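Have the sequence and the 3D view open as you read.

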Amino acid sequence: MDPSIDQLTKRSGLSARSIFRYFEGLDDLRRAVIQRHFERLEPLLDSAGDADSPLDGRIKRFVDIRIKVNESLAGPARTAQLRAPYAPVIAADIHRYRKILDSHVREHFAPELKARTRAEADDLVALIDVIVSVSGWDLMVNEYDRSRTQVRRAWTHALEALLAHR
């Protein structure tokens with residue numbers, strides 16, 4: 001999760017000098033890795049789909065996207081969270097990514113959010129984001145020993161309950 005210089009040089013086949021020709025330090029390298037992972041996944045988040053399609057289909061699509069994102073980002077996200085208190089630039093990146101994930105929820109479930117007050121919609125977005133977060137993924141998989149299929153089922157049921165018409 002947080003490799004040493006020796007591990008980096010062995011894995012990359014490059015010398016420390018070669019690696020740090022391109023990066024100012026380990027935090028700069030970590031930031032580049034985190035950014036690269038997120039850039040690869042960002043197109044998934046840009047594809048909210050048709051807001052007029054049935055809710056069950058949008059929930060399924062949303063859950064599938066978040067599972068893919070979390071599977072890919074889990075390691076770099078853990079490293080980012082550990083480094084954020086000591087690296088303001090990484091903390092700023094985390095904040096920027098949180099905004100993107102928030103927008104993804106809002107776009108995907110716009111019709112359901114419009115039917116609520118602003119405060120209710122903001123609370124709902126926050127709840128959904130917490131449930132399907134990297135931390136939520138880690139808890140489900142590592143602490144509760146849930147498979148990908150079980151996580152998908154649990155998240156789907158949770159979102160159906162949260163987004164159901166009142």
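## Helix packing and the nonpolar core

Helices H7 and H9 pack at an angle of about 175 degrees, and their axes lie 11 Å apart. Because angles over 145 degrees count as roughly antiparallel, H7 is roughly antiparallel to H9. Do keep in mind that this is a predicted model.

Which residues make the contact? The table lists them by helix.

| Helix | Residues in the contact |
|---|---|
| H7 | Leu 124, Leu 127, Ile 128, Ile 131 |
| H9 | Trp 155, Ala 158, Leu 159, Leu 162, Leu 163 |

By class, this contact of H7 with H9 has 9 nonpolar residues, with no polar and no charged ones.

Now for the wider setting. The largest nonpolar core has 37 residues, and those touching the most other members are Phe 109, Ile 128, Trp 155, Leu 159 and Leu 163. Two or more residues each come from H3 (26-45), H4 (55-83), H5 (88-108), H7 (118-131), H8 (134-143) and H9 (148-163). H4 gives the most to this core, with 11 residues. In soluble globular proteins, nonpolar side chains tend to be buried together.

What does Phe 109 contact beyond its neighbours within four places in sequence? Its partners are Leu 55, Arg 58, Ile 59, Phe 62, Ile 128, Leu 159 and Leu 163.

One more residue to look at is Arg 61, which lies in helix H4. Arg 61 is partly exposed, because its relative accessible area is 37%, between the 20% and 50% cut-offs. The C-alpha atoms of Arg 61 and His 108 are separated by 9.1 Å, although these residues are 47 residues apart along the chain.

Note on methods:
Residues numbered from 1 in each chain as written. Predicted model: local features only at pLDDT ≥ 70, side-chain atom pairs only at ≥ 80, totals over all residues. Heavy atoms only, no water. Core = buried A, V, L, I, M, F, W, Y, C linked by side-chain atoms within 4.5 Å. Buried < 20%, exposed > 50% of the residue type's maximum accessible area, 1.4 Å probe, protein only. Helix = DSSP H or I, 4+ residues; strand = E, 2+ residues; numbered from the N terminus. Contact = heavy atoms within 4.5 Å. Axes fitted to C-alpha atoms, helices over the stretch in contact; angles between N-to-C directions. Parallel < 35°, antiparallel > 145°, perpendicular 65-115°, else oblique. Nonpolar A, V, L, I, M, F, W, Y, C, P; charged D, E, K, R; others polar.
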